[in-house]
Amino acid sequence: MLNADQRDKIFEEAQQLGISFILLAGGEPMLRKDVLEKAGLHRKILFPIFTNGTMFTTENIKLLTTYPNLLPVLSIEGKAQTTDSRRGKGVYDQLLLGMSELQKKGIVFGSSVTVQKDNMKEVTSDDFLQSLIDKGCKAVIYVEYVPVNPQSANLAPDDNDRTYMAK
């Protein structure tokens, strides 16, 4: 695993090469204050932070206000029941609290939605998108579910589903 100084060197080299966008994802990036602080120092690079939205502590909120180039992207799967069934009981409520806090502090944030057959109509509905807008969300990224084993292949969108989403 890279330490914060090694990541800082990579961020510095990326900035020198003119790279302006680096995704921070995998595990829970909000747990790596050291990495976030180093990323925040590279103001010419935008760092979307893909997070489950449960780690918006006072300290992390301060970090996001200090470094506006750190852009939280909160993972949400739909409304309460759908999100909690995929992410864990109570996660939806924590997401709402996090969104509220980000909105109060004027922190720009987005949402990432993993689209499966069983949540597709819910997460592409005008009602769902309007609820995110009302919470202050400025961007929505749809990620198509990719099965990790044969037992979950039935959750993946097919060509008909992709046609529906395109409309």
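Apart from neighbours within four places in sequence, Gln-103 is in contact (heavy atoms within 4.5 Å) with Phe-109, Asp-134, Lys-135 and Gly-136. The structure is a predicted model, in which local features need pLDDT of at least 70 and side-chain atom pairs count only at pLDDT 80 or more, whereas totals for chains, interfaces and linings use all residues. Residues are numbered from 1 along each chain as its sequence is written, and side-chain values use heavy atoms, with hydrogens and water left out.

Gln-103 lies in helix H5; helices (H or I, at least four residues) and strands (E, at least two) are DSSP runs, numbered from the N terminus. With a relative accessible area of 41%, Gln-103 is partly exposed, a class that falls between buried (under 20% relative accessible area) and exposed (over 50%), for a 1.4 Å probe and protein chains only. Gln-103 and Lys-135 are 32 residues apart in sequence, and their C-alpha atoms are 7.0 Å apart in space.

Strands of a sheet pair through backbone hydrogen bonds, either parallel or antiparallel. In this model, four strands form an open sheet in the order E1-E2-E3-E4, with parallel pairing; two strands pair if DSSP finds at least two bridges between them. Strand E1 (47-51) and strand E4 (140-144) stand at the edges with a single partner strand each, so one side of each is left without a neighbour in the sheet. The twist averages 30° from one strand to the next, where axes are lines fitted to C-alpha atoms (for helices over the stretch in contact) and angles run from 0 to 180 degrees between N-to-C directions. Five bridges join E1 to strand E2 (residues 70-75) in parallel, and Thr-51 stands opposite Leu-74 in E2. Helix H5 (residues 91-104) packs on the sheet, touching E2 and strand E3 (110-115), and its direction makes about 155° with that of E2.

Ser-111 is found in strand E3 and counts as buried, at 1% relative accessibility. Beyond its neighbours within four places in sequence, Ser-111 has contacts that include Val-73, Leu-74, Met-99 and Val-140.

A search of the whole structure finds one aromatic pair; rings of Phe, Tyr and Trp (its six-membered ring) pair if their centres lie within 6.5 Å, and planes under 30 degrees apart count as stacked, over 60 as edge-to-face and the rest as tilted. The ring centres of Phe-11 and Phe-47 are 4.9 Å apart and the planes are at 65°, so the pair is edge-to-face. The pair links distant parts of the chain, with Phe-11 in helix H1 (residues 4-17) and Phe-47 in strand E1, 36 residues apart. Both Phe-11 and Phe-47 are buried.
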